[in-house]
Amino acid sequence: WLSGRSNVVGYISILSVYSSILDTVVMHLSDTSANVREVCVSILAAYLEDKPAQVPTYLAMLSDRVMDTAVSVRKRVIRFLRDAYLLHLDYDTKLMTLFRMLQCVHETDPTAAARAKHGLQYVLFHEQGGDKPTEMARLLADLCIKIRERPSPLEEFLRRLGRDHANPALSDTFGELVDELISGLFVDNMDAITMRERLRVVHVLCFTHPSGLSGTRAKQLLPYGDGAESFEELAVMEELLRIFSTCLCHMPRTARAFAVSLEAVLTRLLSRCTISPGSSTLEALIQCFCCVIQYQTKNYVLLQKTYHSCLGKFFSVQPKEIDANASLVLCITALLCAYGPWQSAQQSNSLDEVFGHLMRLHASSEAKSLIPILTALGYILSAYPAKFLDPTLTSTLDTILQQGTPHERYLVLRAFFAFLENDAGKEPQLSSTDMLSNLTGKAYSDAGLASGLIQRFADPVLHGVLEVESPPLQRMARAI
């Protein structure tokens, strides 16, 4: 009956006159038959496209069908959401429409996920459907606050979209969005949480189009990365540091003035560091410090001086003296060893000595001192995965994964996950010179290392997925 009703000419006007028929269609949105639900979605979508004023009334119940068990129903809803967005709705309704479409980015069905991606691209960036940069920047920032799913579907969508580097118009749009988002930081008297969410969008946009951030805009952001004290301010500083790390390698030489200022700020933050050891903010600080030296200032003397100062304190750390300051020294030294551009500087990072000292500390320390040591080891392992094959470390990691605390197991899996991320982002080496070096033993190739480690860590990862009492461990295992 419903299918026949949908084929009757002028049935939209019939629904407008006879509200009981419309109520029947709404009631059968949750029918047990997938075919009935699909027809109801189709009828109601056509009715709302003809009566845009009714969209806010029925949007919630119709968009809930994006979680339907039938792929055909989900596709119909995605198409409706795309068309509804173009009906010049109010801001809150447009925000909800985009939010529901983004929930389909991680669709299990590839055709539905592709339809959601194309729909989002059309309504946001197409000439006929795209909003002005001011409203689009506001929408993206509010979506970032609204989305709590990890990995974020908004970030995933923008990354997929950014892979199309052949579209200059899209690059220009991303640049306008970055400019608008940063301008809003100075105009609005916003709190630190809102600022962080805006900067997260800037980070994703810069990750896909690093040239979107100019040296002038970067210099305007620099004061927000200095003097952070509260948790919210540290979160803002971390986002800024990650933005700078992403864009530094793509900035022209004319941005040197900004790079010199950034280097001075980072050097001061490092010399008087009060950031918690093992935090993601500390990691972002060291990574940005290394990037600004490698890609802009080329101040390898400063890098070596800073590292040697840390090494002196690092090797003086004793197993029974690992307090907060010693933990910070261990983490900073390991991060500099892992992220430093030592090949470009043509200097040694004393990798074996640093690794050996950490292993000796781990073997001699008490249980309460193991966390900072494992954290520092994790930084080394993520950058130099060949150390996973060290016989002493192998037995140590096996013991931790079998008998360690949830936090210790989390740190081991975090190091493994960081290696997998780095490995996935590497460009394949196909040159004959690299192949010859590997075959003759003059260079190390980690081909197959990831596969071997995945097999070795398979059981601990699967057990970690079931660790409902330790959310950080469970999230890390799921990510792997």
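Let me start with helix α27, residues 471-479, in this predicted model. Its buried residues are L473, Q474, M476 and A477. Seen down the axis of α27, these residues fall within an arc of 165°, so they line one face of the helix. The other side of α27 carries R475 and R478, and both are exposed. What do the buried residues of α27 pack against? Their partners are two helices, α23, spanning 406-424, and α26, spanning 458-465.

Is C144 buried or exposed? Its relative accessible area is 3%, and because the cut-off for burial is under 20%, C144 counts as buried. Leaving aside residues up to four places away in sequence, C144 touches L154, E197, R200 and V201. Of these contacts, let me take V201 in more detail. C144 and V201 are separated by 57 residues in sequence, yet their C-alpha atoms lie 7.1 Å apart in space.

Let me now move to the chain as a whole. Its secondary structure consists of 27 helices and 0 strands. The chain has 480 residues, and 49% of them are buried. Turning to contacts with a separation of 6 or more, 69% are between residues 24 or more positions apart. The accessible surface amounts to about 23500 Å², and carbon and sulfur atoms contribute 52% of that area.

I close with confidence. The average pLDDT of the chain is 84, and 88% of the residues score at least 70. Which elements have the lowest and the highest mean pLDDT? The lowest is found in helix α1, residues 2-6, with a mean of 51, and the highest in helix α17, residues 300-315, with a mean of 95.

Note on methods. Residues numbered from 1 in each chain as written. Predicted model: local features only at pLDDT ≥ 70, side-chain atom pairs only at ≥ 80, totals over all residues. Heavy atoms only, no water. pLDDT = per-residue confidence, 0-100. Helix = DSSP H or I, 4+ residues; strand = E, 2+ residues; numbered from the N terminus. Buried < 20%, exposed > 50% of the residue type's maximum accessible area, 1.4 Å probe, protein only. Contact = heavy atoms within 4.5 Å. Arc of directions from axis to C-beta. Areas by Shrake-Rupley, 256 points an atom, 1.4 Å probe, with all protein chains shown as cover.
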